[in-house]
Amino acid sequence: QVQLEESGGGLVQPGGSLRLSCAVSGVPINNYVMGWFRQGPGKEREFVAAIRSSTDSTYYADSVKGRFTISRDNAKNTVFLQMNTLQPDDTAVYYCAARWRVVTATDIAVASKYDYWGQGTQVTVSS
């Protein structure tokens, strides 16, 4: 059984910071591309960030580049998303996802290409 469990969401004021965690069981994340996606109220699911398994190369949506950082700890089988300078537009349910060997740069940002998903964690940015 493959399971992904997100944690670390909550309520923060604009300009604040939050760190999300994704604990994975059933597969070793060092063999998988790991991604973060989000879905805001009344909006479709969108790409946030991803990290490759072999090189640790990272990818970010333009809307979060310079503010968010994705990282992994293979020994703990856990992926993190550090979110700084949060804005109201960042309010969404954040989902962790895993995929075996993304082969193109464009596919890494496509939600339908991922195989496993967590249940999501709510992030609310409001004053």
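Arg38 counts as buried at 5% relative accessibility, where buried means under 20% relative accessible area, exposed over 50% and partly exposed in between (1.4 Å probe, protein chains only). The model is a predicted one, in which local features need pLDDT of at least 70 and side-chain atom pairs count only at pLDDT 80 or more, whereas totals for chains, interfaces and linings use all residues. Residues are numbered from 1 along each chain as its sequence is written, and side-chain values use heavy atoms, with hydrogens and water left out.

The structure holds 4 salt bridges, a salt bridge being a side-chain nitrogen of Lys or Arg within 4 Å of a carboxyl oxygen of Asp or Glu. One of these joins Arg38 to Glu46, with the closest N and O atoms 2.7 Å apart; Glu46, at 28% relative accessibility, counts as partly exposed. Arg38 also forms a salt bridge with Asp90 (2.9 Å, N to O), and this pair links distant parts of the chain, since Arg38 lies in strand β4 and Asp90 in the loop between β8 and β9, 52 residues apart. Helices (H or I, at least four residues) and strands (E, at least two) are DSSP runs, numbered from the N terminus. Asp90, buried at 2% relative accessibility, meets Arg67 in a further salt bridge (2.8 Å, N to O), and Arg67 is located in the loop between β6 (58-60) and β7, 23 residues from Asp90. Arg67 is likewise buried.

Beyond its neighbours within four places in sequence, Met83 is in contact (heavy atoms within 4.5 Å) with residues including Leu20, Arg67, Phe68, Tyr94 and Val123.

Strand pairing, which requires that DSSP find at least two bridges between two strands, involves β3 with both β1 and β8. Strand β1 (residues 3-7) pairs with β3 in the antiparallel sense over 5 bridges, and Cys22 in β3 is the bridge partner of Glu6. Strands β3 and β8 run antiparallel and are joined by 6 bridges, with Leu20 opposite Leu81 in β8.
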